[in-house]
Amino acid sequence: MEKVSVNYLGRRSEWGAGLRKLQLRSLALLATLAWNSQATAAEPPRYDVQNCCDLCPFAADAASYDTSYLKNFLMLVQGEDGWLFRSDAELPQQFGPSPEGMRQFERFARHLKQTTGTEMVLVYQPTKGLVHPDKIPDTSPVPFSWSFARANYVATLDRFRSAGLVVPDLTPLLQEEDREDAFYFKRDHHWTPYGARRTAKLVADRIRQMPVFSELEQQEFVTSRTGLMRKDGSLQDAARRICGFAYPSQYVDEFRTEAVGGGSASEAGALFGDESMPPITLVGTSNSMGAQDYNFAGALQEFLGVEVLNAAVAGGSYDGSMFEYLMSDNFRQSPPRILIWEVPAYHNLDSNEFYRQVRPMVNGGCEASDVVLEKTAPVKAGITEVLYNGGGQFHELPSGRYVVDLQFSDPGVKEVDALIWYVFGRKDRVDLEYGSRVETTGRFMFELQDGEGWRDELFMSLDLELKPEQVSDGLTVTTRLCKRQDI
């Protein structure tokens, strides 16, 4: 296997090098022909310049996506005019959670509002294929029906609304004929500042219709162009790693929003530790808060006339910023009136493990509930039992009524697997993980299993499994079991 892998990579590298030489020779030949044909003319030479790069055959082979990084780009698809797409993330035709996932989501949003008064607004961002179908070639190796995908996307927005969620209508963004600029970058998975601004306008229009909006303090914001943003896209980086050639950078206008009278939209994030918190909070992906600021939060402030706290996390996926924010002192001490959650539509929001964690986070885990079992124990790499229902006193603890709250002594612990044992031998497993860029305090919490046939199972014990790199010297964990507060 080792030899095959080395030879495969070697052929890929030789293929890429050969392609670059062929491209250079072709450009030189075109230049020579053009110069000779125009040498006797009075006008300057003219050149027929074409795109130099199309994806190599390796990009169509799943084996080429052989690292954890490249797996995020399955599979690269060559679009028109130098555009690139990911088949899994940008050309899907089905969207949204299953009926059970929708029920879990609705429970989460309802619990958030009933407990803290915070109303959630879901920004379910349409995919690149939905917004730019004209850039998908007719000869695409990935079947994609825009009309079918559009119908399913619209139906998903309607299902969210039927569950009682506030979901802005983003369908005007699909295949706009009078678009001023590209909504997405050609070879990147993020929206452009123009795409962020168009989305912000539609989101603001919907929020202004919410009864709570009239109660929010108004402030004037203004947006101005500050220069050009250079984008070397994530998809073109993946293409470079697989095919061995580089696409050119893309440049777009960059903007910044400031409050009239001083202060900028980016400074809203500095208020994260301030006692006076904005009434609206934004959580989401790097579209909302990245290394390059697409000014989504700023545009929201301009169109709403209300200060917005940007608590999004770059590289945190759809869930990382939600975890981080719900466990922050800012949320617990001053929950917002409106929580905007920006989620790309290639996430189906169907993870039962996600909902089992965020619902108790709304209450602060076991902070405001009577603790039934508690123990502090040392933890080693591998499996460690950290809590046991026994020792001379057995508690009848039906699974559907309880929450586990874990606090590690090392705040750097970001990944742990929980194994829950029940009295009659059944076992449940919950994978708990925060992204590397998600700031945490070494704390995790989750509901015991509440699915069909589980809620009456009686809790017996809890084991934790940690990888060696997660275990520091003298690591301990305090484990609490308490009643759920949403029942």
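At what angle do the axes of helix α6 and helix α8 cross? Before the answer, a word on the source. This is a predicted model, in which local features need pLDDT of at least 70 and side-chain atom pairs count only at pLDDT 80 or more, while totals for chains, interfaces and linings use all residues. Residues are numbered from 1 along each chain as its sequence is written, and side-chain values use heavy atoms, with hydrogens and water left out.

The axes of α6 (residues 193–207) and α8 (residues 296–304) cross at roughly 40° and come within 8 Å. That makes α6 oblique to α8. Axes here are lines fitted to C-alpha atoms, for helices over the stretch in contact, with angles running from 0 to 180 degrees between N-to-C directions. Oblique is what remains once angles under 35 degrees (roughly parallel), over 145 (roughly antiparallel) and 65 to 115 (roughly perpendicular) are set aside. Helices are DSSP runs of H or I with at least four residues, strands are runs of E with at least two, and both are numbered from the N terminus.

The crossing of α6 and α8 is right-handed, that is, the near helix is turned clockwise from the far one by less than a right angle. On the α6 side, the residues that meet α8 include Ala-196, Ala-200 and Val-203; on the α8 side, Phe-296, Leu-300 and Phe-303 are among them. Contact means heavy atoms within 4.5 Å. By class, the contact of α6 with α8 holds ten nonpolar, one polar and three charged residues. Nonpolar covers Ala, Val, Leu, Ile, Met, Phe, Trp, Tyr, Cys and Pro; charged covers Asp, Glu, Lys and Arg; the others, Gly among them, are polar.

I turn now to the disulfides. Two are found in the whole structure, a disulfide being a pair of cysteine sulfur atoms within 2.5 Å. In one, the sulfur atoms of Cys-56 and Cys-243 are 2.1 Å apart. This pair links distant parts of the chain, 187 residues apart, with Cys-56 in the loop between α1 and β1 and Cys-243 in helix α7. Cys-56 counts as buried at 3% relative accessibility, where buried means under 20% relative accessible area with a 1.4 Å probe, protein chains only.

Cys-366 and Cys-482 form a disulfide with sulfur atoms 2.0 Å apart. Its S-S torsion is about -90°, so this link is left-handed.

Finally, His-111 lies in helix α3 and is buried, at 5%.

Methods:
Buried means under 20% relative accessible area, exposed over 50%, partly exposed in between (1.4 Å probe, protein chains only).
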